[in-house]
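Here is a short briefing to read alongside the structure. Have the viewer open and follow the points as they come.

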Amino acid sequence: MSRGGRAISLSVLMVLGACGYAHRNFDQTGGLLGHPHDFVIQVDDYGSFWDPEIPAQALAAIAHSARTTNTIVIVVVHGWHHSAAPDDEFAMDFAKALQTIRNTLRSKVDGKPNPYWRARQIVTGHGEVNIFGIYVGWRGSSLPATLNYLTYWDRKAAAEQVGDGDLREFLLRLHLLYRTSYRHRTPSTPYVGLASIGHSLGAQVLFKAIASTLEDELIEATQFNPHPTAPKQRLAKPLEGFGDIVILVNPAFEAFQFERIRHLSAQVAYDRRQPPVLLVLSADTDVSRQVFFPARLWIDRIFNAPLRDEQADLWAYALGEYQPQRTHTITFLPEPATSALQFYVSDAPDRLCDVVNFDLTNRPTISRVRLEPIAGQHNPFSPFLVAYGGKALIQGHSGIFARELRTFINDYVAMARGKRLLLANPALQQCPDPTP
């Protein structure tokens, strides 16, 4: 066999031999996610849990905590190139971020409560809180070293399968726990907070698992194929969404998957009672998504039925890259600005009404980040925000745990959660409504 033939054969054998590469249940002994409230939930390529006892333990521990103490659950799903290996960079960064969040939300400055602690005192009567971290690990890396760059679309298909499997049931049960606590709590009882974050192909996993929750609510509130001149629907109650909020950072899935939600949401007129339920953050420097998705469309044209004009762009661009779906631009301010988070440190009735009425879609500046509405594509109080830009905030495709982005997400989630909790207070439902 020629040298070239041997090289090709070797390459084929390497690919075939790596079919099971990293497809295993990683031992978490010695990993940084070792806090009693941290859980690493691992899913195989077929959507099944490697160890169903771990998610069962997580649900039981969260439910137990929720009965006596304010409880916040943070779910993170990693993307391409990553896994549940204890020494995985993404896992280690998440562990460090969790420690920072725990210190920030629990600490006092000079013996006095910080704004987060004070806000919980105002809303629930006490400032204590338990933070649970859920790290969802799947096989985002299926070939060793640089060969892994050949696996993007294979891992994209795996991400969809992971989101459709056992993880979906776990997340829906977690949401049920959250929703039950929210609906039955009083102003003086503990609350359960739930924020879910997916990055890159991890956003595909997360969106696949929870999209039906968002769609079902919208379908219940809207009509099928309404007349273009039909008035927008007024909701009897706000959309609940999934948990407090879902955040997708540089999501690596087609804009087509989000289009139904956008279409249904366009039929609805929202008011001050509606908190955000989905925030999409995309970097305009994310070369990976800008290259892979148009290339995929070109290849698909060879093997699949042709797309109609209105379909082509929805398949050729990732969510966030497709301009008609964007609602906001992201601007990272060079200097600190007054944050809307200040509303939460006062229990004066008029200040609490300011929080209830605050539109988190309309130019809120939070932690040096401004979400600027795009004229003609932004609807006041909309629960769905698709923001684009932020060179100094989101570092290319990765950088999800950079301090600036982490701080912004932490504060935005805190404001969205606070608005929800205050709106659950019957007294604050009587605040004057500034919307027409």
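The protein has an accessible surface of about 19,600 Å², and carbon and sulfur atoms make up 56% of that surface. Keep in mind that this is a predicted model, with values computed from its atoms.

**Overall build**
- The protein contains 12 helices and 14 strands.
- Of its 436 residues, 54% count as buried.
- Among contacts with a separation of 6 or more, 82% are between residues 24 or more positions apart.

**The sheet**
- Ten of the strands are listed in an open sheet of 10 strands with mixed pairing, in the order β1-β5-β2-β6-β8-β10-β14-β11-β13-β12.
- At the edges are β1 (38–42) and β12 (365–366), each of which pairs on one side only.
- Strands β10 (residues 278–283) and β14 (residues 384–389) run parallel and are joined by 6 bridges.
- To find this pairing on screen, look for Leu281, whose bridge partner in β14 is Ala387.

**A closer look at Ser83**
- You will find Ser83 in the loop between β2 (70–77) and α3 (89–106).
- Is Ser83 buried or exposed? Its relative accessibility is 7%, so Ser83 counts as buried, the cut-off for buried being under 20%.
- The Ser83 side chain comes to 3.1 Å from the backbone nitrogen of Ala85.
- Leaving aside residues up to four places away in sequence, Ser83 touches Phe26, His78, Asp88, Tyr135 and Trp138.

**Salt bridges**
- Side chains of opposite charge can pair when their charged atoms come close.
- The count of salt bridges in this model is 16.
- One of them brings together the side chains of Glu160 and Lys208, at 3.8 Å from N to O. Glu160 belongs to helix α5 (residues 152–164) and Lys208 to helix α7 (residues 201–221), so this pair ties together parts that are 48 residues apart in sequence.
- Glu160 is partly exposed at 25% relative accessibility, and Lys208 is partly exposed at 27%.
- Glu169 and Arg173 also form a salt bridge, with their closest N and O atoms 2.8 Å apart. Both sit in helix α6 (residues 166–184), and because they are 4 residues apart, about one helical turn separates them.
- Glu169 is partly exposed at 44% relative accessibility, and Arg173 is partly exposed at 48%.
- Asp271 pairs with Arg273 in a salt bridge whose closest N and O atoms are 3.0 Å apart. Here Asp271 counts as buried at 15% relative accessibility, whereas Arg273 is partly exposed at 25%.

Terms used. Residues numbered from 1 in each chain as written. Predicted model: local features only at pLDDT ≥ 70, side-chain atom pairs only at ≥ 80, totals over all residues. Heavy atoms only, no water. Pairing = 2+ DSSP bridges. Helix = DSSP H or I, 4+ residues; strand = E, 2+ residues; numbered from the N terminus. Buried < 20%, exposed > 50% of the residue type's maximum accessible area, 1.4 Å probe, protein only. Polar contact = N/O pair within 3.5 Å; in protein donor to acceptor, adjacent residues only side chain to side chain. Contact = heavy atoms within 4.5 Å. Areas by Shrake-Rupley, 256 points an atom, 1.4 Å probe, with all protein chains shown as cover. Salt bridge = Lys/Arg side-chain N within 4 Å of Asp/Glu carboxyl O.
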